[in-house]
Amino acid sequence: MSHRVLLGIGIFQILITTLFSQATGDIKLLPPRFEKQVTLFDALKNRKTNRSFSDKELSLQQLSDLLWAATGVNRPESGKRTAPTAHDDREIDVYVAIAAGLYLYDPDQHILKLIHHEDIRSATGRQEFVETAPINLIFVADYRRMKGDQSSKDFYAATDTGFISQNVYLYCAAEGLATVVRGMVERSSLAEKMKLYPDQHIVLAQTVGLPR
Ligand SMILES: Cc1cc2nc3c(=O)[nH]c(=O)nc-3n(C[C@H](O)[C@H](O)[C@H](O)COP(=O)(O)O)c2cc1C
């Protein structure tokens, strides 16, 4: 196929995805910025918990980079991610609670799928800052996608979440953002607000924003 035809198909696909995203309320994310000049050792040196958040929104580019860093596809040929998962189950879903509503990150399409338009940030944790910080991620393990018995599912769901959370910590360190991973979550009331199925288990939440 000629370059011109391929380019035409590429532009058509982008157009369709953009129009589809607008119609469904989904948010089309931007490709990650690979050219950022922060070294891994800089990020490790600066990784820390910061619970003091500005209520200012992140840019779409920052939101896109954050989610790609968390668990984006880094090997398109296999669909594998920036974070490892036991048995390659890929069972951890990253939900994103922002003022505009609740969204689910789809790593394969690199988009945020709209779940609903309710602002549920205040329900994502017991600490005050969750209500006003721009982003609360909620890490949810879908046990239907996991192998093994209940205790191995509990163990691997927690382990796999840890890798994603650390990716978020390192991205935030590299980008100068504040973040805190949180176990203090009212899981049953939050699951209701998120309209989760019984086999979906909230593991941890993580707040992200500009430092105040
Ligand atoms: C599994 C886990 C759960 C945590 N839960 C909370 C929490 O609910 N609220 C909070 O403010 N910090 C929470 N933290 C953050 C820790 O308090 C923090 O990582 C610790 O004090 C060390 O600080 P550092 O991250 O700056 O090294 C949690 C950390 C982990 C790993």
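## Basis

Buried means under 20% relative accessible area, with exposed over 50% and partly exposed in between (1.4 Å probe, protein chains only). This is a predicted model: local features need pLDDT of at least 70, side-chain atom pairs count only at pLDDT 80 or more, and totals for chains, interfaces and linings use all residues. Residues are numbered from 1 along each chain as its sequence is written, and side-chain values use heavy atoms, leaving out hydrogens and water.

## Strand S7

Helices (H or I, at least four residues) and strands (E, at least two) are DSSP runs, numbered from the N terminus. Eight of the eight residues of S7 are buried, so S7 is largely enclosed by the rest of the structure. Ile135, Leu137, Phe139 and Ala141 point one way from the strand. Asn136, Ile138, Val140 and Asp142 point the other way.

Two strands pair if DSSP finds at least two bridges between them. S4 pairs with S7 in the antiparallel sense over six bridges. Here Val94 has Phe139 of S7 as its bridge partner. S9 also runs antiparallel to S7, joined by eight bridges. Leu137 stands opposite Gln206 of S9.

## Nonpolar cores

A nonpolar core is a set of buried Ala, Val, Leu, Ile, Met, Phe, Trp, Tyr and Cys residues joined through side-chain atoms within 4.5 Å. The largest has 30 residues. Leu67, Val96, Ile135, Leu137 and Val208 touch the most other members. Elements giving two or more residues to this core include S4 (92–98), S7 (135–142) and S9 (200–209). Helix H3 gives the most, with six residues. Apart from this core lies another, of 14 residues, among them Tyr95, Ala97, Ala191 and Met194.
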